[in-house]
Amino acid sequence: MFLRLMRGVVRSMRFPLWTAAKLATVAALLFTAAQPLYALPGLKTMAIPAFARKYGLPCSACHTAWPELNNFGQVFRDNGYQLMNDRDSPIWQNPSYFPITLRMTPNWHLENTTNQPVDSIPGGGGASTLVSKTVQMNGFDLSGMDFWTAGTLYKNVTFSLLPSSDATATFHFENAFVRFDNLAHSTWFNVKVGKFELDNLISEKRFLFLSANGGLYQNYHFAPAGDTNNFGIGDNQLGVELTGHSANSYTRYGVAVLSANEGTVGFGNGNNVVNAGRTYDVYLTFSQAFQAGSQGLQRLGAYAYFGERPTYAQTSAGVPITGLGLGNKPFYRAGFAGDFFLLNSKLEFLPLYMHGYDNVYLGIGAPANVPLATACPPTVLCQAPTWNGGFLESHYYVNPQVVLLARYELIRMDHQALSSNPDNQSNIDAYSVGYRWYPIMFSRAGLAFHNEYSIVKSIGIVPLSGNGVGLPPLAANGKVWSGSLFIGFDFDF
Amino acid sequence: MKPKLYVLVLLMGLAGLLLTAGATPCFAQIDIHIHTATGPMESHVGNVVGHSEEGAKLYRRFCIGCHGPDGDGNGENAMWFDPTMGFVKPRDFTLAVFKCRSTPTGTLPTDEDLFNSVTRGFVTTNMPQWRGLTDQDRANLAAFVKTFSERWATQKAGAPIPIPPETPANIESILRGRVLFQKMECWKCHGPQGHGDGPSAATLTDSKDVPIRPYNFSSGSRFKCGETNQDLYRIFMTGLDGTPMPSFADNIQPNDAWDLVHFLRTLQPMNTPEAALWKPYVAAHGKELKPIGQEQPGGGN
């Protein structure tokens, strides 16, 4: 009966049977590879590397499921990676201790993207035309690698340095900052300088999804079709941040002043012709948590990012000078987010709402030294693009070692930059489901088995995952479904 | 991707889940067998009622690494806490002996004492402040800690000692406290200047014969059992059970204890009200003060 059902399912997908068989074999091999883990004798599951090794705490002390922080972990982070027990300074550590964490995820994944413009004759040629097709790739792969070191330089002076690589070992500084904590002997004044993650209530850097389509919040990186603003609220930024919190971190605030360069280092960086505005953005956050009896801790917060981006660059003999952006135009993102627990803290909901606005010049990708009447196509109304978006993510913690994941995310355009755009162009719907199982959670290292399926429907734009051929569909209102199936081992040490 | 592929993915996920869920109990944090000495316990902290069954889950999650599955302080991390390097071994809950109590020496602490200890943590040890947990969670943990010793099933917690209103902090009180510091031989452990370097300091051990160091007032850190004058008073009168720090409840009167509190505050590097009185006094009358730390039958002044 089961085989008949499976055969029916495979047929209905119009999948070649051998493809399905290969999929099943790969899955079986991966699960088989996991079997030796079951046989490990009497392992206690403790947790995360650098700080767990320093303090001897299990990873579950700071994480609901790593890498997502629980409130104790939030307090620890808010205190500048200190437990505040007068044993944080390096002088109290064994001299052989060095705070390094490595994280990587060997995996098998499948990427499937519909409505992609490809040549009708593979390889091109005179008679070839662009046609819409589904593009699919699958195989074993590596994620990027995090090589993270963070800790205490002295009491209330902490640091973080995270050289991160892509899968080909090309490194960049994901974060690098020094932090001065508890200024004036108050938890309400902490200053951080360098490159760091924005103080988002729902962190994309410590969330539980890994696939190409699910491993990012669409809202955190969204730009409408034709928009040249590359800002993403999920991207680490360069600047200075003042944060404060109550002793238990129930009340938190943050004010950050950030360079308008999208976290890209080097004024003359070649990628920065337009992006390096010589202005500063501001990010504001506030959140308040409250206890709800046995349900656990509930948190609600608001945020707002106000920034500017240049629309053209200073030139020399007509050649743009990198880093000298001009014609800054404003944009903002604002909204609220929450973190709610039910069922004795076993069920977690993470809702987020975001409203986005980009100046019309950013929206149509035109330099601001050109009058709008000239920059705007004839017979078309140009206006500032605005949109509303949000998501609802849920985690069910079966136990400290198994977590089930689900997320629905959407973005709806409110005003298109060009009135000629279809109303629904750039709209996005994203669905993700998955689970993580943590067979090894020592205070020395961790390993998670991760299985996730994510699918994103975007209209008239290239999917943020960059799957397929990385181009928008041929029709402005063409729907692109981009799916990811991900199975891998997420380890850190 | 064809929509029906969802079904395949779902089936794969379900298969994986069944496999993993089935395997998890093999060596899961949730499956570590915890040995308790009593049945379920409750704790009562204000309006919050803690339940040990819930506390057990939290204990596995947060505490077991140090305090161990048997609650005897022999968790997997305990071996790294070397007392000769200044670290403190995790508490052995099976003895039901606790340093920080509001109750007389030798008695069990109140639920609120346990709750406060979890909340406050223990400065200069690896026991962090657990303020990040909810009141309910900390009450649950307090209830669970009680299941490790039969004492909780057979004995009641002691009654909290009364703390009379604090006497005025003035020079006279500080001077009387200084005399008591000499007379009660506090200096033998804590040192003449309160640096924790008295002649007995190096020989001290706790009730499990593990080396232990007296508090160094000049460190400026919080006291183990709080940071207010009331907390310091309570420490004198209850003692820190399981350590060489005795209770002085039978040896000094409440007013004397307040005098001692006022003097000890002058040994700290912070700008305490007592230090503000004491510094100019010492500048003017320092030569008249007999040094602390010598055997002085008549007491020092």
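The stops below go through chain A and then chain B.

Residues are numbered from 1 along each chain as its sequence is written, and chains are lettered from A and ligands numbered from 1 in the order in which they are written. The model is predicted, so to speak of local features requires pLDDT of at least 70 and side-chain atom pairs count only at pLDDT 80 or more, while totals for chains, interfaces and linings use all residues.

**Chain A as a whole**

The mean for chain A is 85, with 87% of its residues at 70 or more.

Next, select residues 1-18 of chain A, where the pLDDT is below 50; the model gives this stretch twelve contacts beyond near neighbours in sequence. Two residues are in contact if their C-beta atoms, placed from the backbone, lie within 7 Å. Then select residues 26-48 of chain A: pLDDT stays under 50 here too, and there are 48 contacts beyond four places in sequence.

**Chain B**

Select residues 42-154 of chain B for domain 1, then 171-288 for domain 2; these bounds come from an automatic or database domain assignment. The centres of the two domains, taken over C-alpha atoms, are 26 Å apart. Where they touch, domain 1 of chain B contributes 19 residues and domain 2 of chain B contributes 20.

How values were computed
pLDDT is the predictor's confidence in each residue, from 0 to 100.
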